[in-house]
Protein chains: 2
Amino acid sequence: MTSARDSLAAWLRDAHAMEGQAETLLSAQIERLQNYPEALPRLRSHLEETKAQRQALERCLEKLGENTSTLKDGTMKMAANLQGWMHALSGDEVLKNTLASAAFEQFEAASYRMLVCAAKIAGEPEIARTCEHIMEQEVSMADWVWSELEPLTEKYLQREMAGMEAKR
Amino acid sequence: MTSARDSLAAWLRDAHAMEGQAETLLSAQIERLQNYPEALPRLRSHLEETKAQRQALERCLEKLGENTSTLKDGTMKMAANLQGWMHALSGDEVLKNTLASAAFEQFEAASYRMLVCAAKIAGEPEIARTCEHIMEQEVSMADWVWSELEPLTEKYLQREMAGMEAKR
């Protein structure tokens, strides 16, 4: 038998590790983009959001009495499949990266939806509110990636047709 | 210089390979689910949709005069990062699988949005309509996965708290 509180604590640790990955990936994306500067402001603001989210998750774990000094050694049970995205997002092809971002933001949003539910069942309304707020930020980022797909593809193809560097 | 038609053809091949993976993953998920039979009807109907999508993509490629006999050897340039999901979805934990599904459906929907755009630029309105139709099916499936997150998490935690098998 596992209590809802135990699951909540384990999933918060996973989310913390997930945001650590998100930070690395966003930083790499921002550094590599060359011909698509219009995407930079939103990517940079989400990087700042991501850092704040990690801190908020640490406060949630502290509220549960969890030791946050061992966070870096988390096993990422729930987010173990991030390796695939890591790999995808470490490439330099803007369209491939954007597809992977679309998927990654949805993965994050869905993780927080599960966390909101777990926090409510565990009787932790404050943690539920924090996770709901982060979920809304991830949904908003996912919506932005979605809205970028068409203009980005157009620009990419036009650059390719003109014989210009299009991939990054 | 690469023409929009060349990119369109390459991406249609990637989408075809992606749907092949989707078919394998959905079949495996359907087979493994034990304690969540309420999810089976939607998973099964999406499996049928997926098979029809592959055939529709083959017709699009034929329309472009592409040789479809070599489709199985496709390099999946755009979808190379599917290995991560493959791995994630081959596990037997229902919540992990559902998170991966949420991400995968969004990846698929985003791929078709790019394809719609590429087909229009390549002057192929019929292929654009086909890809838009498939995109709508993927968006609908992504919405369903999203709507499942809360009831699924609740049921999972309740089973865990009762000491019952919850993971599959």
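**Helix packing**

Mentor: In this predicted model, helix α4 (residues 94-121) of chain A packs against helix α4 (residues 94-121) of chain B at an angle of about 145°, and their axes are 8 Å apart. The crossing of α4(A) and α4(B) is right-handed. On the chain A side, the residues that meet α4(B) include A:L95, A:L99, A:F104, A:F107 and A:M114, while on the chain B side those that meet α4(A) include B:L95, B:L99, B:F104, B:F107 and B:M114. Sorted by class, this contact of α4(A) with α4(B) holds 16 nonpolar and four polar residues, and no charged ones.

Looking at α4(A) by itself, you can trace 28 residues that reach 41 Å from the first C-alpha to the last, which is close to the 40 Å expected at 1.5 Å a residue. This helix, α4(A), is mostly covered, with 26 of its 28 residues buried. Just after α4(A), A:G123 takes a positive phi of about 70°.

The crossing of α2(B) and α5(B) is left-handed. Among the residues making this contact are B:R42, B:H46 and B:E49 of α2(B), together with B:I134, B:M141 and B:W144 of α5(B). The residues of the contact of α2(B) with α5(B) divide into six nonpolar, four polar and four charged.

Methods: Residues numbered from 1 in each chain as written. Chains lettered and ligands numbered in written order. Predicted model: local features only at pLDDT ≥ 70, side-chain atom pairs only at ≥ 80, totals over all residues. Left-handed = near helix turned anticlockwise from the far one by under 90°. Helix = DSSP H or I, 4+ residues; strand = E, 2+ residues; numbered from the N terminus. Contact = placed C-beta atoms within 7 Å. Nonpolar A, V, L, I, M, F, W, Y, C, P; charged D, E, K, R; others polar. Axes fitted to C-alpha atoms, helices over the stretch in contact; angles between N-to-C directions. Expected span 1.5 Å × (residues − 1). Buried ≥ 20, exposed ≤ 12 C-beta atoms within 10 Å, placed from the backbone.
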